[in-house]
Amino acid sequence: MDRCCDRLCYYETQQNIKWWLIPFAILLLVLTVSAVVMISFVVVPRVNTNVADARLNTFAFAAGTQGGEPAAMTSLFRYNISIALAILNPNRAMGIEHTKPLVASFIFHDRRLHNLTVVDAGHKHRPGKTEEHLLHAGGEVPGSLLGAAAAEDLKKQDAIGLFKVEVRLSGEITHHRIAIAKTRKLSLSCPLELQLAPPGPEVVVFHEVDCKPVKQDKMYF
């Protein structure tokens, strides 16, 4: 008789535990979903970016030919810039995915000289990690693209020995592996003041520059 009572009590205990487990499981599921939704809408993906190093090898107007004809002389602006771009994902729990390419534009006097893709769309940035990208922009553009005001400004900067070059970053990011992820557009400005590097491997001292958020609607020619 006691044995039957023990079995009955054990069965009833099991049933009671089951009835408590069901609402507990539902509550846990609701809390989990709520946490995911909260993270999706409250925690905004972001990056911290700076130019860790930079080198300016060429930055000047020069005479050139148009259409290969020596008689048709024209003014050209030649540039050669290299930078080390450091990008940190400050979130140590969640990775970041680039939903659009991250593009770096090299700008002088509000004129775009060069565009470079830093990372392609779909690139994934691990939590808490810093990525370093070495970028090189070199080439020439018609002097008329810069205009007379830029030419005059270049003369003043050349006399001082410091050239003001802006690196503008634009793109879009989201948190990686989250079902309802919030995207964020990136628009950052990295203002640089660079000295012309002497010929050879000599190092020019450069102080790290932080990139700051700027308005996204500012466009350049």
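Tutor: Let us start with Cys190, which has a relative accessible area of 0% and is therefore buried, where buried means under 20% relative accessible area, exposed over 50% and partly exposed in between, with a 1.4 Å probe and protein chains only. This is a predicted model, in which local features need pLDDT of at least 70 and side-chain atom pairs count only at pLDDT 80 or more, while totals for chains, interfaces and linings use all residues. Residues are numbered from 1 along each chain as its sequence is written, and side-chain values use heavy atoms, with hydrogens and water left out.

The partner of Cys190 is Cys211, joined to it by a disulfide with an S to S distance of 2.0 Å, the term being used for a pair of cysteine sulfur atoms within 2.5 Å; by this rule the count comes to one disulfide. The link of Cys190 and Cys211 is right-handed, with 105 degrees about the S-S bond. Because Cys190 lies in strand 8 and Cys211 in the loop between strand 9 (209–210) and strand 10 (212–213), the pair ties together parts that are 21 residues apart in sequence; strands here are DSSP runs of E with at least two residues, numbered from the N terminus. Cys211, at 9% relative accessibility, also counts as buried.

Strand 8 leads on to the largest pocket. Strand 8 (183–194) is among the elements that give two or more residues to its lining, together with strand 1, strand 2 and strand 6 (130–142). A pocket is found on a 1 Å grid over the protein atoms alone, as an open set of points where a 1.4 Å probe fits, with protein on both sides within 12 Å along at least five of seven lines, and lining residues have an atom within 4 Å of a point. About 340 Å³ of space lies in the largest pocket, a volume being the space filled by probe spheres set on the points, which are joined across faces, edges and corners. Its lining has 20 residues, and Asp53, Ala54, Arg55, Val204 and Phe206 lie nearest the centre. By class the lining divides into 14 nonpolar, three polar and three charged residues, with Ala, Val, Leu, Ile, Met, Phe, Trp, Tyr, Cys and Pro counted as nonpolar, Asp, Glu, Lys and Arg as charged, and the others, Gly among them, as polar. Strand 1 provides the largest share of this lining, four residues.

The whole structure holds five aromatic pairs, for which rings of Phe, Tyr and Trp (its six-membered ring) must have centres within 6.5 Å, planes under 30 degrees apart counting as stacked, over 60 as edge-to-face and the rest as tilted. One of them joins Phe59 and Phe163, whose ring centres are 5.4 Å apart and whose planes stand at 65 degrees, so the pair is edge-to-face. This pair links distant parts of the chain, with Phe59 in strand 1 (residues 48–66) and Phe163 in strand 7 (residues 163–175), 104 residues apart. Phe59 counts as buried at 3% relative accessibility, and Phe163 is buried at 2%. Finally, Phe59, Phe61, Phe77, Phe108 and Phe163 form one aromatic cluster.
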